[in-house]
Amino acid sequence: QVQLVESGGGLVQAGDSLRLSCVASGRTLRIITVGWFRQAPGKAREFVAAITKGSGEEAYADSVTGRFTISRDNAKKTVYLQMNSLKPEDSAVYYCAASSTLPSYDRGDYVWPDFYDYWGQGTQVTVSS
């Protein structure tokens, strides 16, 4: 099994920055892809960003491209989501997810929650206007 723990959420003002962390434990060698998702009240869970273990290839939702950056520290078994120029519409619970499958960036299968095998408990991000 793999356990994921997110941290770094909080209450900030529009235009501020936050860095979320996702620490993995357990059978982490299984992890190929790590993604960040978010879910606002009354809305479906949506893809934010993903990174692949080997190549380090990254993917982002259009809504965060240019503002958010996903990165990894393999030695610390940690994936980060640096969020800059935050907007009120970025407010949501942010979840880290891990998959034991190599994604097809052509098909974009990494955007679907079903692609991922393991999930963290989430961390709340609230952006005030």
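**View 1. Pairing of strand β9 in the predicted model.** Strands β4 and β9 run antiparallel and are joined by 7 bridges; strands are DSSP runs of E with at least two residues, helices are DSSP runs of H or I with at least four, and both are numbered from the N terminus. Two strands count as paired if DSSP finds at least two bridges between them. Val 34 has Ala 98 of β9 as its bridge partner. Strand β9 also runs antiparallel to β11, with 3 bridges, and there Val 93 is partnered by Gln 124 of β11. A further 2 bridges join β9 to β10 (residues 118–119), again antiparallel. In that pairing, Ala 98 has Tyr 118 of β10 as its bridge partner. Of the 8 residues of β9, 7 are buried, where buried means under 20% relative accessible area, exposed over 50% and partly exposed in between (1.4 Å probe, protein chains only).

The model is predicted: local features need pLDDT of at least 70, side-chain atom pairs count only at pLDDT 80 or more, and totals for chains, interfaces and linings use all residues. Residues are numbered from 1 along each chain as its sequence is written, and side-chain values use heavy atoms, with hydrogens and water left out.

**View 2. The largest nonpolar core.** A nonpolar core is a set of buried Ala, Val, Leu, Ile, Met, Phe, Trp, Tyr and Cys residues joined through side-chain atoms within 4.5 Å. The largest one holds 38 residues, and Trp 36, Leu 81, Met 83 and Tyr 94 touch the most other members. Strands that each supply at least two residues of this core include β1 (2–7), β3 (18–26), β4 (33–39) and β9 (92–99). Contacts of Leu 81, leaving aside neighbours within four places in sequence, include Leu 18, Leu 20, Trp 36, Val 48, Phe 68, Ile 70 and Tyr 94; contact means heavy atoms within 4.5 Å. In soluble globular proteins, nonpolar side chains tend to be buried together.

**View 3. Aromatic pairs around Phe 37.** The whole structure contains 7 aromatic pairs. Rings of Phe, Tyr and Trp (its six-membered ring) pair if their centres lie within 6.5 Å; planes under 30 degrees apart count as stacked, over 60 as edge-to-face and the rest as tilted. The ring centres of Phe 37 and Tyr 116 are 5.2 Å apart and the planes stand at 80°, so this pair is edge-to-face. Because Phe 37 lies in strand β4 and Tyr 116 in the loop between β9 and β10, the pair ties together parts that are 79 residues apart in sequence. Phe 37 is buried at a relative accessible area of 0%, and Tyr 116 is buried at 5%. Ring pairs link Phe 37, Phe 47, Tyr 95, Tyr 110, Phe 115, Tyr 116 and Trp 119 into a cluster.

**View 4. Surroundings of Ala 24.** Ala 24 is found in strand β3 and is buried, with a relative accessible area of 13%. Not counting residues up to four places away in sequence, Ala 24 touches Gln 3, Leu 4, Ile 31 and Lys 77. Gly 8 is 16 residues from Ala 24 in sequence, and their C-alpha atoms are 15 Å apart.

**View 5. The chain around these close-ups.** The chain has 11 strands and 0 helices. Of its 129 residues, 46% count as buried. Among contacts with a separation of 6 or more, 59% come from residues 24 or more positions apart.
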